[in-house]
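Visitor: I would like to go through this model with you, one question at a time. Please state the cut-offs as you use each term.

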Amino acid sequence: MNIPRGTQDILPGQTEKWQLIEAKARELCERYQYRELRTPIFEHTDLFKRSVGDTTDIVQKEMYTFTDRGDRSLTLRPEGTAAAVRSFVENKMFGSPNQPVKLYYMGPMFRYERPQAGRFRQFVQFGVEAMGSADPAIDAEVISLAMSLYKELGLKKLKLVVNSLGDKESRMAHREALVKHFQPRIGEFCSDCQNRLEKNPMRILDCKADRDHELMKSAPSIIEYLTDDSAQYFSKVTKYLTDLGIEFEVDANLVRGLDYYNHTAFEIMSDAEGFGAITTLCGGGRYNGLVEEIGGPETPGIGFALSIERLLSALEAENVELPVNEGIDCYLVSLGDEAKDYTVGLLHNLRMAGFSAERDYQDRKIKAQFKAADRMNARYVAVLGEDELKEKKINLKSMADGEQIELPLESFIEKFKEICK
């Protein structure tokens, strides 16, 4: 029996890297005052159709949707924002005295797409959402949090790209210009783009199949159609990014793949050599209007999501070694049945004292036990034989320099604490 296509087993040796990244993300969110939200892995299908958009690839092609025994249409979550906003509305978080409401999530998402390097059908996203503020400073804060995570994990070859998708008036004017631009030659584009022309022409700019078509390069820029308010808002966001010392590029063709975005949109990419054709690590933006679409009061919002798998690929491309602690504090080596029996309780006491410790469970010879300790990268090996047990002593060896000392067995835990300090 094989694992389903597009999924992966994350084995010991790799899980430690995941845990380190997850711990860094949580610690960073604590600094920025974002609190964790955990939502179900599946939601009502209509939630994603209403929020993500009927014309998106996610809704049309990529969702894992099923009908349950109650004849309800449910979907494994393909992204995190819709569920976070649904929870925000359903639990009336808009009434919290602390505004904006700042949330983060971490967990598996599901999309049916062609598996490739760093892209899976089940993947893990870390994301943040800030709902309740239309201040451009929080746009800069959200971008800063994402950039800080990458940089503090050791990535250097990063590129931040930003754009404004404007307000409703800006997008309507841009929409008309796009229809006029593409309509005469829309037959040269893929069927998806032909369908998008009337429904959502801005999505044509996000097409991967026709991205090299000459009309893509000459398409009208949203920047040219921004209202004064939208232009001023975007100017503030870029000013704050500059104030924070965050380098960025403005890309007028950046539209993002979800319908709910407006105003600020951004992507963080890897510039590492050999990373691959798809360089995007993280994407996000502002989604004013989404809370109302899902049944809540008028509430502005902004967020981002990033793939842990893509982050690990970027670290590998830059040859960044995460400082994962793969060793243990102490390995117990025993000689003789009585000593072996004694180490059962001693091992437990070491663990209860806060140490990572292990012993032999396969009746191996002393040489094999030392080899096992070495493989486990043990800092110390404690050797207990029948003679030591009678004399109520235990030998402790430092694996770093080979130094050995003899300690009283009854006070071994206390002495070991002092040595480890």
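Guide: Contact here means heavy atoms within 4.5 Å, and helices (H or I, at least four residues) and strands (E, at least two) are DSSP runs numbered from the N terminus. This is a predicted model, in which local features need pLDDT of at least 70 and side-chain atom pairs count only at pLDDT 80 or more, while totals for chains, interfaces and linings use all residues. Residues are numbered from 1 along each chain as its sequence is written, and side-chain values use heavy atoms, with hydrogens and water left out.

Visitor: How many of the residues of α11 are buried, and against which elements do they pack?

Guide: Buried means under 20% relative accessible area, exposed over 50%, and partly exposed in between (1.4 Å probe, protein chains only). By that criterion helix α11, residues 308–317, is mostly covered, with 7 of its 10 residues buried, including Glu-309 and Arg-310. These buried residues pack against α1 (15–32), β6 (122–131), α5, β9 (262–270), β10 (280–286) and β11 (301–307).

Visitor: At what angle do the axes of α1 and α5 cross?

Guide: Axes are lines fitted to C-alpha atoms, for helices over the stretch in contact, and angles run from 0 to 180 degrees between N-to-C directions. Residues of α1, including Leu-28 and Arg-31, meet residues of α5, including Leu-145 and Glu-152. The two axes come within 10 Å and cross at roughly 145 degrees.

Visitor: Which residues does the cis peptide bond join, and what is its omega?

Guide: Most peptide bonds are trans. Pro-100 lies in the loop between α4 (81–90) and β5 (101–110). The cis bond joins Gln-99 and Pro-100, with omega about 0 degrees.

Visitor: Is Lys-92 buried or exposed?

Guide: Lys-92 also lies in the loop between α4 and β5, and has a positive phi of about 55 degrees although it is not a glycine. Its relative accessibility is 58%, so Lys-92 counts as exposed.
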